Amino acid sequence: MSFYNTLEQFDHFDFSSFFNSVSDDRVRDCLTKEYLNAYDFLTLLSPKAGNHLEMIAKVAQKKTIQYFGKTIQLFAPLYISNYCTNKCIYCGFNHANVIDRRKLTIEEIEKEAKAISSRGIQHILLLTGESRQATPMEYLLEAVKCLKHYFASVSIEIFPLECHEYVLLQQAGVDGLTLFQEVYDKVIYDKVHLAGKKKDYHYRLDAPERGAMAGFRNVNIGALLGLGEMRSEFFFTGLHARYLDDKYLDTEVAVSLPRFNPAECDFHPEFPVNDKTFVQFLLAFRLFFPRAGITVSTRENAYMRDHLIHLGATRFSAGVSTSVGGYAQHQDQSTPQFEITDGRSVEEVVSAISSNGYQPVYKDWDRAI
Amino acid sequence: MNDEGLRLGDTTFTNRLFTGTGKFASNEIIPEMLETSGSQMITVALRRIDMQSVTDNILQYIPDGVTLLPNTSGARTAEQAIRVARIAREAGCGKFIKIEVITDAKYLMPDNHETLRATETLAKDGFVVLPYVLPDLPLAKRLENAGAAAIMPLGAPIGTNRGLETKPLIAMLIENSAVPVIVDAGIGFPSQAAAAMEMGADAVLVNTAIATAEDPVAMGHAFSLAVQAGRAAYLAEAAGQSVVARASSPLTGFLD
């Protein structure tokens with residue numbers, strides 16, 4: 001079994017006629033249900049439900065507070081290499097791009113770790129491009145070992161691995177895996193991933209599941225919104241999350257809603273997601289999966305993030321650099337993977353969270369566990 | 001009947017509402033909530049404690065005189081729980097420990113088996129062990145024999161506010177336990193806390209319902225009153241419910 005079997009069931013599903021059939025009453029019904037099924041979720045993703053955002057937001061806020069309290073967990077991403085063998089047409093690390101390729105030495109990783117942890121950050125997300133030559137397992141394990149000295153929690157967002165490789169990383173102290181399918185639509189997936197290991201749709205699709213099997217506590221998935229038809233893409237993200245949650249009782253599932261921001265002028269997504277739709281998706285997911293974490297990165301600007309605190313977001317990156325070696329240096333020397341639009345420092349993000357009446361949580365894990 | 005308080009380890013608690021540090025909008029609310037609720041014991045997850053941090057050390061919000069109950073949240077095995085407990089003790093968090101071993105991220109059900117294993121080791125180690133469990137009488141007996149200082153059965157899954165869904169099972173523990181029974185998790189409203197106390201629970205632990213209330217300080221006070229009322233009712237030996245009607249004059253009195 002794979003999540004692919006679930007996806008296949010929707011191969012010939014007529015999303016537009018489903019959306020056309022959604023009534024206001026049907027949307028309202030979804031707000032009072034304790035457990036939402038896939039079609040309830042799709043109802044909340046419909047254009048019709050977009051007319052009821054305020055009502056949906058009230059329920060989403062209530063559910064979020066019930067499960068997470070008024071808290072926002074903080075983390076920072078750490079890019080240690082931008083070598084990449086893939087050609088993803090939307091990504092700054094694209095193999096075809098002529099950029100400064102860098103890979104940090106363990107000493108440099110330590111410098112970055114010191115710089116980040118000195119700002120209070122305790123949860124780190126380690127990132128690389130996809131290159132087994134540049135960033136082999138031994139290197140990744142060394143990097144994790146180094147980071148464990150500085151952070152309470154280490155997660156990874158790297159190329160998909162085999163289950164036994166995930167086990168090695170888990171044993172080395174990695175507790176979370178972030179991996180985005182980017183796009184669930186197979187035809188588009190093939191069109192935007194021109195070359196490299198990433199062309200293998202299934203290998204990527206099953207990677208979060210391999211991570212859950214390997215014992216990671218948190219598995220964070222997502223679709224890069226804009227690549228495929230947005231409502232179905234986010235629908236599949238939600239189903240994928242529920243699939244993992246149903247199958248792996250001991251795994252905490254979280255989602256991200258990364259979308260292209262206008263700052264990335266070199267790639268124009270075919271299906272841009274506007275703020276209103278973005279918020280609708282986040283709210284719909286909260287109702288569909290009240291216990292799941294929702295990660296919001298600095299792809300979103302400060303204005304959006306400050307408002308999302310109240311709607312269902314549970315995890316924020318803060319004080320972010322998406323360049324390799326960007327924390328210890330004063331000036332970014334390499335091309336970022338994506339442009340950030342919330343460039344605030346950790347202190348500024350923390351103060352925004354507090355002034356919104358929420359508690360910024362730096363540490364919610366321990367090496368001992 | 002006087003309430004002499006609840007004794008756990010060598011500490012006596014005159015207030016039977018225990019609280020928690022999670023989910024508050026700001027940790028600064030915690031001392032105020034403790035004051036209005038009168039709660040004398042508060043649980044804190046070791047995973048949330050950052051001894052090094054000056055800005056985010058949750059312990060600095062817990063006043064002297066309130067007993068710290070570190071918990072092992074995040075642990076999935078007895079070994080992890082034991083490790084967490086020892087770190088908490090070394091860090092100066094005292095000798096109380098709430099064992100919370102959860103292998104199910106979906107319903108957050110405690111793993112009774114691992115919890116028993118951790119209790120065996122930690123009780124021998126001199127901890128005052130409060131195991132968080134699914135109410136199960138034979139298990140409660142084993143925990144008692146292993147040296148648990150109390151049993152903490154859940155009323156309903158953590159954070160659900162669904163109240164005493166496990167009421168008949170908790171009643172068995174109350175009837176048969178030699179150690180105190182503290183209802184933990186699921187209590188969403190003061191009325192549910194009162195009901196738990198009325199049926200004879202020795203204390204209740206309430207976190208989410210207080211922390212996520214619009215006014216946590218006032219809600220802490222409300223829970224405290226409810227716990228007192230429930231306890232007083234229990235001590236007054238409430239007449240109890242009956243499935244059959246009871247006429248005020250016995251129907252069969254004429255036979256006497």
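Is Asp245(A) buried or exposed? Before selecting it, note that this is a predicted model, in which local features need pLDDT of at least 70, side-chain atom pairs count only at pLDDT 80 or more, and totals for chains, interfaces and linings use all residues. Residues are numbered from 1 along each chain as its sequence is written, chains are lettered from A and ligands numbered from 1 in the order in which they are written, and side-chain values use heavy atoms, with hydrogens and water left out.

**First stop: Asp245(A)**

Select Asp245(A), which lies in helix α12 (residues 230-247) of chain A; helices here are DSSP runs of H or I with at least four residues, strands are runs of E with at least two, and both are numbered from the N terminus. Asp245(A) is buried, with a relative accessible area of 3%, where buried means under 20% relative accessible area, exposed means over 50%, and partly exposed lies in between (1.4 Å probe, protein chains only). Now show what surrounds this residue: leaving aside neighbours within four places in sequence, Asp245(A) is in contact (heavy atoms within 4.5 Å) with Thr251(A), Val253(A), Phe289(A), Arg291(A) and, from chain B, Lys106(B).

**Second stop: helix α5 of chain A**

Two packed helices are described by the angle between their axes and the distance between the axes. Select helix α5 (residues 53-68) and helix α13 (residues 275-288) of chain A, whose axes come within 9 Å and cross at roughly 50 degrees; axes are lines fitted to C-alpha atoms, for helices over the stretch in contact, and angles run from 0 to 180 degrees between N-to-C directions. The two helices α5(A) and α13(A) are therefore oblique to each other, since angles under 35 degrees count as roughly parallel, over 145 as roughly antiparallel, 65 to 115 as roughly perpendicular and the rest as oblique. Among the residues making the contact are Ile56(A), Ala60(A) and Phe68(A) of α5(A), together with Leu283(A) and Leu287(A) of α13(A).

Which cysteine sulfur is nearest to that of Cys84(A)? It belongs to Cys88(A) and is 5.9 Å away, and Cys84(A) is in no disulfide, a term that requires a pair of cysteine sulfur atoms within 2.5 Å. At 11% relative accessibility, Cys84(A) counts as buried.

Finally, look at backbone angles: most residues other than glycine have a negative phi. Lys23(B) has a positive phi, near 70 degrees, and is found in the loop between β3 (17-20) and α1 (29-37) of chain B, where Lys23(B) is buried with a relative accessible area of 17%. Asn161(B) also has a positive phi, near 60 degrees, and sits in the loop between β8 (152-153) and α5 of chain B, but Asn161(B) is partly exposed, with a relative accessible area of 21%.
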